[in-house]
Amino acid sequence: MMQKNLTKYILITIICLIFTIALFELTSIDILVQDYFFNLNTNSWIWDSNEPISKFLFYDGIKKLLILFAFLILCSLVFFRKKETIKTYKKGLIIVLLSAIIIPITIGSLKATTNMPCPKNIEYFGG
């Protein structure tokens, strides 16, 4: 029974991934959304990435929050491993910890090797 559910969830995840990739590769929905946040008259974004509060919220703060979250999970797995709650959710915590480590590394390496530009580098947005 458990194997059947696992296979079902993996299949649903693969279908969602294929749908997402197809949506952004075959349509221009990403440019339409980005266009909403770009002012063509001033040739600038609604949110300035150099403004301290938005830079913290959208760039640096999220990264620091993810690092803190992963660190807290790691500490709980190491120092509180004998607690019943940690024992109960150990597998899930390990999955979340590995995801918090692997996903940013994967995205960073893909950004460095793929030919997909950031919105600020697209000619339409002044890049």
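Colleague: Happy to look at this with you! Which helices do the buried residues of α3 pack against?

Modeller: In this predicted model, they pack against α4 (84–88) and α5 (90–113).

Colleague: And which residues of α3 are buried?

Modeller: Ser 54, Gly 61, Ala 70, Ile 73, Cys 75, Ser 76 and Leu 77. Each of them is called buried because its relative accessible area is under 20%.

Colleague: Where is the kink in α3 centred?

Modeller: On Gly 61, with a bend of about 50 degrees in a helix that covers residues 52–79. Gly 61 is also among the buried residues of α3.

Colleague: What does UniProt list as "transmembrane region"?

Modeller: The unreviewed entry lists residues 9–33, 61–80 and 92–110. In the model, residues 61–80 are 95% helix and 0% strand, with the end C-alpha atoms 27 Å apart. Residues 92–110 are 100% helix and 0% strand, and there the end C-alpha atoms lie 26 Å apart.

Colleague: Good, now the rings. How many aromatic pairs does the structure hold?

Modeller: It holds 1 aromatic pair.

Colleague: Why do the rings of Tyr 36 and Phe 37 count as a pair, and what makes the pair edge-to-face?

Modeller: Their centres are 5.2 Å apart, and the cut-off is within 6.5 Å, so they pair. Their planes stand at 85 degrees; over 60 counts as edge-to-face, so that is the name for this pair.

Colleague: Why is Tyr 36 called exposed?

Modeller: Its relative accessibility is 64%, and exposed means over 50%, so Tyr 36 qualifies.

Colleague: And what makes Phe 37 partly exposed?

Modeller: Its relative accessible area is 35%. That value falls between the 20% and 50% limits, so Phe 37 is partly exposed.

Key. Residues are numbered from 1 along each chain as its sequence is written. This is a predicted model: local features need pLDDT of at least 70, side-chain atom pairs count only at pLDDT 80 or more; totals for chains, interfaces and linings use all residues. Side-chain values use heavy atoms; hydrogens and water are left out. The bend at a residue is the angle between axes fitted to the seven residues ending there and the seven starting there. Helices (H or I, at least four residues) and strands (E, at least two) are DSSP runs, numbered from the N terminus. Buried means under 20% relative accessible area, exposed over 50%, partly exposed in between (1.4 Å probe, protein chains only). Contact means heavy atoms within 4.5 Å. UniProt positions are given in the numbering used here, feature names are shortened, and annotations may be inferred rather than shown by experiment. Rings of Phe, Tyr and Trp (its six-membered ring) pair if their centres lie within 6.5 Å; planes under 30 degrees apart count as stacked, over 60 as edge-to-face and the rest as tilted.
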